[in-house]
Structures are given as C-alpha cells and as structure tokens.
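Please open the model in a viewer and keep the sequence panel beside it.

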Amino acid sequence: ISFPAPLKIERCDLNIQMNHSNHHTEQFGEDRLIVRRGHPFSITLLLSPDSKEFKAAETRLTFIVETGPLPRKDSDTMVSFSLSESTVDSEWSASANNQAGNRISVSINSSPDAPIGIYSLTVAQEMQKTFLGHFILLFNAWCPRDGVFMDSERKRQEYVLAQHGQVYRGTFKRIKGLPWNFGQFDTGILDICLKILDNNPKFVSDADRDCSARKNPIYVTRVLSAMINSNNDRGVLVGEWGDFTGGAHPGSWIGSGDILRKWAESGPVRYGQCWVFAAVACTVSRALGIPCRVVTNFGSAHDTDANLLIENFYDEDGERMSGGDSVWNFHVWVDSWMTRPDMGEEFSGWQTSDPTPQETSEGIFCCGPASVKAIREGELTKKYDVPFIFAEVNADIVDLVRLSNGEFIKFSGSTTSVGRFISTKAVGTDERRDITHHYKYPEGSTEERQVFEKAKHHNKLQQRGEEPGLHLKIKLADNMSIGSNFEVNAILTNNCMKTKTCSFLFIARAVGYNGKQGESCGFASDKVEVPSGEERHLSLKLEYDSYGGVITSDRLIQLSAITIDKQTIDFHKAEKTIVLDEPDIGIKLLGEAKVDQPVTAHLTLLNSLPEPLQNCSFTIEGLGLTDGKPIGLKVGTVGPKEEAKADIEFRPSSAGPSMLLVNFDSNKLKNIKSFINIFVQQ
C-alpha cells in the first residue's frame, strides 16, 4: 500500500494576538495562546518550500488535542478530529483553506463542554505526527452553549474581565468598601490557578477523573471552595481569628496576586479571614473564565447544629455562656454564574460558594455551590449546602436563660436581625448594590415566614435523607416462594407541609422476562388522607389461587402502586418486579465417582404447590459424566407437599473435576435447575 506524501510542516503560527482579541484574553499577554471554549481560533501552518501543495480534497490532516497527565478519549481529555468544510459549534472540529502559497490557515473550534486546562495540539498525517504547540482553554461566558454563559456584555466585563473591585465590611449601619486588586490577568496568575486545580486531593487520587470533570463549572467551583482554604489540603490560605504571629494580618492584604504567588512558592499562606478567602476565590474563578462576584452579608449567622436557629445561652446572672452558635457582624463569600443541569433550569444563575472554613461538607471544609434561587425559596434539599447558607441569611435568633434546675427559658429573640444589606459591587461603577432580595423575601413578609417554615420542614427531611413531596415505596414479604400465599405492602409517605388526600391503588399482574404484561393477579384500593409527616400502608395479599394460573415459567409478578389526586392533578407511581423463589433440588451421590464405574445420583424436590404436579421428570447431564447426552427419568405425579424422588445412574468416562447439571420439569413447575461439582477418581 502506498500513501501520498505528507505535507512538510516547517512551523505553526498560533496567531496569538488575533486569537486573544477574539477571545477576550488579550490582557493575559502574548506569551502563549489562551482561548475560551466553544469559539473558533485560527492557526497558520507554514510549509517548507519543497513540500507538496496543499489540496483540501487530497490531504488528510487529523488534529489531536490532549490535556492532563493521562489523556483518554473516554474521558474527553483526548480528542481527534479531521478537517471538514466548516467547523461544528457543538464539538471539536477544524476547517482549512489554502491562504497563500505555503501558508495554510486552519480554524479550530473547541467543544463548549470541553475540560478546561493546558492542551497540546498535534497534527497527524498517516504515520507521521507533528507537534504544533500548547494552548490553554478556559470557560466562556460569551458562548451560549457554555454552562457559564452570560447574555449581558456589561456583566461579562464586570464579572469576568474586571481586575479591581470593592469588598464590603463593617456593620449594617456603617458599611465601608475595601478596594481590592483581583489581578487575574497578572503575569503567572493563570498558571497558579491551574496549579491549584492540580493540587486538589481529587486530582491526586484520580487525575483522569478529575481532569475530565473540569468540563463542569459546578465541579470546579466546589474544588476551589475547598482549595482556597488549607484545612484539608495544602490549599492557599490559613484562617486565623486571634493570634497572627508568624504571618500577615488579614487586614494587610490589598490584592490576590501576592497571596497566590506566595502559595505557589512555599505553600499555605498565613493568614486570611472571610473577605480574603472570598477575594482570592473571585480572582481564581475569573481567571478560569467563571463569572464571579464578591458578596457581603451583614448580620451573618453561623448555625453549628443545623436547626436554622441561632441560640444564645445565658446563666441566671445574665452572663453569656460559651460555645454554640454565633452571628458575625459581616461575612463574605462569592457568587458564581452557571447553569444547574443537576437541579433544573429554574435553579440556574448565581451560585453561592464559601471558601472560608467554617463547617465540613461531605467530609471536607468547603461550601457550595448553592443556588441563590434555592436559598431564597427555602429549597434546603438541593445541592450543595443550601441549609448552611440559608441559615447565614435567614436564621432566627433565640435568647435562652439556663435556670439552676437545668431548664432553659426563652426570654428574647429576633426574626429580622440576620441577613441584612447583602452587598456586592455594582456593575460598571464602584457603587454598592444591595442584593438582599436575591437571597430572601422582605423581612416580616408573609412570603418570608412561609419560606422559613418550608425551610425548617426541608431541613428535617434532609437530615433524614429524604426529599419533599409524596413518596411511594413497595415493601416485599420475606418468603415469596412459588405456591405460597404472601402479603406485600405499598407505603405512602407525605413529606409535604400539608395534609394530602388521594386515591391509593395497588395492582399485581403477571409479566414475562421481556416485559410483556400478562393478566392481573391482585388488586387493592383505598381513599386515604395522609397528614404531613405521616404514612399510610395499603396491603395486597397474593394467593397462589390467583397468580398460579397466570404467571409464566419465568415466575415474575409486577407490582404497581399508584396515587391519584384529581383535584391537583398529582400522580405518583412506584413499581417492583418480583421473581418467585423456586424449590431446591437435593442432589446426593451414592458412592464415589470413578472412571468407568457406575455411580448413582439421588435427586429430590419438594412440591411447594397446593396441588399435584403431573408429568414430573428429572434429567442429568455433565461433561465426562454422561457421554455428552442427558439421562432422564420420569417420576409421574407428585402430591402437594410431597417429594419427587429419583435415582439416576451414570458412568463417568474421564478423571478430574466436572459438574453434574440437574433439571426438574413438570406441568406446573418447569425448568428447575441445580448442580453439584464432582471430582472423578481415576
């Protein structure tokens, strides 16, 4: 086979200046190519003077992009794609035209769902590969198919490109802005941000899986929430709220760049507090292309026991008792913009994450991303850490005095002092913008109290590992052998806040292994009223007289529980398919198995049915045991609860291990199988 001569590629021009202008990455400088996913970038291949002429129809070029230490196609960390007439918006693709003589202009489009990171770019021609260069791929707030897409250019300029901002501190009566230099485009900062990802424990334990997951801004944001603090890893900042010996006072920092460079040089930096953690997280998020804003909550609750209450305990002398919950004058976190396909479109938009190490989440000190819409609506069962952040902005305060007998008496409290004047920098100006209404309904409003009550309800459900709404499940009996009568139960649980009334149906029908529905073999129904937090049971007795005549030899019964509320058009369903246990075949060899010597297999089976079995027979077969042919014996009719018995003789023909297969058949019990392992002596 002869292959056409490959093009002789002398070098590749990555067209950095033009690509950076088109991808809003010009502020990174021109040292290397940095592009945003989902938008095309151009490269120019320069051919040597003695190369053959490029003709698109005759030249096969395959481009290969790879990221991470273990690039794999299955992980989307290695992708190959050939030249086509035009690029494709939804996946990696390339198109080319012969620009002039020995210069070939190639347009490459990355997938809007590609993992972010450092990529290598290679072109393959038949058996020859040519390395073209490296590039960095970022999230793309300008691409409608990217999960971080923002449809406002003013907001993109603010939340992705702005390098300076305001971080608000103080009290709700005296709010003061602190200027901060995010500096995400400073020299070397992007490399440090990528290094943070490569130092996270998930990368260390499974680099392939971690690099593949970097396509998802939800995943990346959660990793950053853990890595900006150093509590479980060698993250960026050490938190300190008392003794600052051996490090910098948190109030001395004015920008993220010094902190990130110190971390890259020598590990965790001392010290940070909430506004420093948040500002550094904002820098890293913007550098990677995730729209991000710094948010300050005045009167921020720290709910340590997850009951949505801040409980202040006092003794009888009015002295505050140590420990328990607290309310900070202010607390600072970040919001990042992204879709939430894991929860539903209605929860997309701003997502709160909190890199300050306060409480653990899934065993590590991180928090979020939690949908701001879920926080506002009290949807505490949604991912991630919504209960903790809801409490930060909406907990009630209760003051309690401990009497000498140990009893606690409530003497004061507030439902309005937590979560005030939630602030962020306004788009395009240095003014403060109040975004409290994004996080909660107006204090004291009917909606706010309703959401709080729903949140308390959801909080209880989450602590039990349950979801809100009506829930159906089917509980099976312990013994469900063919021929027996047994009872199954449908259980309806009301995790709604109000009493529910509905029709409750429980249906059983025969079904084949291929899913084909057979006849009904059981039915029960009831009209039930289920108060909030309670459950109702509906029992269905399955009797052999009902199912015995309709099931197939597969012995399968499908159970369906259904609730119907026609007034609210609310339907729920649970299904389970059960396979009825078959009786066991007893197998016993009467004597040792030896080559060319007869040996008898004693076989028994108990008829579990309440009716006789007719045309009963046993069959045995085994390699080297029965000359490759089955040996059968008819045993006639066997009455209810009686045993079918047979002694079948066979003569092994070869020594060594083998298996004796046994089959029982009858008019009612068909294809019952078992086996024993046998070692045949010489």
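Throughout this tour, buried means under 20% relative accessible area, exposed means over 50%, and partly exposed means in between (1.4 Å probe, protein chains only). The model is predicted: local features need pLDDT of at least 70, side-chain atom pairs count only at pLDDT 80 or more, and totals for chains, interfaces and linings use all residues. Residues are numbered from 1 along each chain as its sequence is written, and side-chain values use heavy atoms, with hydrogens and water left out.

**Stop 1: a buried charged pair**

Select Arg293 and Asp335, whose side chains meet in a salt bridge at 3.1 Å, N to O. A salt bridge here is a side-chain nitrogen of Lys or Arg within 4 Å of a carboxyl oxygen of Asp or Glu. The pair links distant parts of the chain, with Arg293 in strand β14 (residues 292–302) and Asp335 in strand β16 (residues 326–338), 42 residues apart. Helices (H or I, at least four residues) and strands (E, at least two) are DSSP runs, numbered from the N terminus. Asp335 counts as buried at 0% relative accessibility, and Arg293 is buried with a relative accessible area of 1%.

Salt bridges that share partners join Arg72, Asp74 and Asp208 into one network. Arg72 is partly exposed at 37% relative accessibility, whereas Asp74 is exposed at 69%.

Next, select helix α2 (residues 153–161): Glu153 and Arg156 are 3 residues apart there, and are therefore separated by about one helical turn. Their side chains form a salt bridge of 2.8 Å, N to O. Glu153 is partly exposed, at 32% relative accessibility, and Arg156 is buried, with a relative accessible area of 10%. The structure holds 20 salt bridges.

**Stop 2: aromatic pairs**

The structure holds 18 aromatic pairs. Rings of Phe, Tyr and Trp (its six-membered ring) pair if their centres lie within 6.5 Å; planes under 30 degrees apart count as stacked, over 60 as edge-to-face and the rest as tilted. Select Phe28 and Phe185, an edge-to-face pair at 4.7 Å centre to centre with 75° between the planes. Phe28 lies in the loop between α1 (16–22) and β2, and Phe185 in the loop between β11 (174–181) and α3 (189–198), so the pair ties together parts that are 157 residues apart in sequence. Both Phe28 and Phe185 are buried.

Then select Trp337 and Trp350, which form an edge-to-face pair at 5.2 Å centre to centre, with 80° between the planes. Trp337 belongs to strand β16 and Trp350 to strand β17 (residues 349–353), 13 residues apart. Trp337 is partly exposed at 25% relative accessibility, while Trp350 is buried, with a relative accessible area of 11%. For a further selection, take Phe41, Phe63, Phe81, Trp92, Tyr119 and Phe135, which form one aromatic cluster.

**Stop 3: strand β9 and its partners**

Two strands pair if DSSP finds at least two bridges between them. Select strand β9 (residues 128–138), which runs parallel to strand β2 (residues 33–36) and is joined to β2 by 4 bridges. In this pairing, Ile34 stands opposite Ile136. Strand β8 (residues 117–125) runs antiparallel to β9, with 9 bridges, and Ser120 has His134 as its bridge partner. A hairpin is formed by β8 and β9 with 2 residues between them, and Glu126 in the turn has a positive phi of about 55°.

**Stop 4**

Strand β28 (residues 556–565) is joined to β29 by 10 bridges, and Ile564 stands opposite Phe571.

**Stop 5: an annotated site**

Which residues does UniProt list for "binding site"? The unreviewed entry gives Asn394, Asp396, Glu443 and Glu448; such annotations may be inferred rather than shown by experiment. Although spread over 55 residues of sequence, they cluster in space, with a largest C-alpha distance of 11.8 Å. Asn394 is in helix α10 (residues 386–394) and is buried, with a relative accessible area of 2%. Glu443, in the loop between α11 (436–439) and α12 (446–463), is partly exposed at 30%.
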